[in-house]
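Trainee: I've got a model open and I'd like to learn how to read it feature by feature. Can we go through it together?

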Amino acid sequence: MNRLGLMHQALGETDAARSSLREALAIRRRILGEMHHDTANTLGHLGMLHLTAGRPQQAQPLLAEALRRHLARLGERHPYTARSLLRMGQVCAALGDQARARAYLNRAVLIYTAVLGADHPSTLVARTVAYAG
């Protein structure tokens, strides 16, 4: 279900993507539970849909909740946690809070580097996002 939502998003079908992601979130909550990392990942995808559609105020609580769940479930040294931190940095930047954005982005880069290595594609993307502004 998540992949269908992401496919709709890639095709620019925002309403269909939002509907698919909400359906996936409801299913994951029911089957996997609130704290499962796949539930948190779906929250993150839904948040990013809002962010890329220019709605950072709607994205922020979803991304913050995904980060809280990743930290609680997976800990600080996990790529999903780093991805959530990266997304929080992006939403903070979109909301004009550059200091918080920088803190989240730098933390994401540190985790990716420590866990995946300096040359891993996820680390390189995180560095690019962190140092682009």
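Trainee: Which residue takes a positive phi just after α5?

Mentor: That's Gly96, with a phi of about 85°. Keep in mind that this is a predicted model.

Trainee: What span does α5 itself reach, and what would be expected at 1.5 Å a residue?

Mentor: Helix α5 covers residues 79–94, 16 residues in total. From first C-alpha to last, α5 reaches 23 Å, close to the expected 22 Å.

Trainee: Which residues of α5 are buried?

Mentor: Here's the list: Thr81, Ala82, Ser84, Leu85, Leu86, Arg87, Met88, Gly89, Val91 and Cys92. The cover over these residues includes α3 (37–52), α4 (56–74), α6 (98–116) and α7 (121–131).

Trainee: Now the nonpolar part. What's the general idea there?

Mentor: In soluble globular proteins, nonpolar side chains tend to be buried together. In this model, the largest nonpolar core has 20 residues. Leu63, Leu85, Met88, Val91 and Tyr104 have the most contacts inside that core.

Trainee: Which elements give two or more residues to this core?

Mentor: They are α3, α4, α5, α6 and α7. The largest share, seven residues, comes from α6.

Trainee: And what is Tyr104 in contact with, leaving aside its neighbours within four places in sequence?

Mentor: Tyr104 touches Leu67, Leu85, Met88, Gly89 and Cys92. There's also a second, separate core of eight residues, with Leu21, Leu43, Leu46 and Leu62 among them.

Trainee: How do I read the sides of a helix?

Mentor: Start from the geometry: an α-helix has 3.6 residues a turn, so residues three or four places apart point the same way. Now try α7, where the buried residues are Thr123, Ala126 and Ala130. They cover an arc of only 65° around the axis, which puts them on the same side of α7.

Trainee: How many residues apart along the chain are Ala17 and Leu49?

Mentor: They're 32 residues apart along the chain, with their C-alpha atoms separated by 7.9 Å.

Conventions. Residues are numbered from 1 along each chain as its sequence is written. This is a predicted model: local features need pLDDT of at least 70, side-chain atom pairs count only at pLDDT 80 or more; totals for chains, interfaces and linings use all residues. Side-chain values use heavy atoms; hydrogens and water are left out. Helices (H or I, at least four residues) and strands (E, at least two) are DSSP runs, numbered from the N terminus. The expected span of a helix is 1.5 Å times one less than its number of residues. Buried means under 20% relative accessible area, exposed over 50%, partly exposed in between (1.4 Å probe, protein chains only). Contact means heavy atoms within 4.5 Å. A nonpolar core is a set of buried Ala, Val, Leu, Ile, Met, Phe, Trp, Tyr and Cys residues joined through side-chain atoms within 4.5 Å. The arc is that of the directions from the helix axis to the C-beta atoms.
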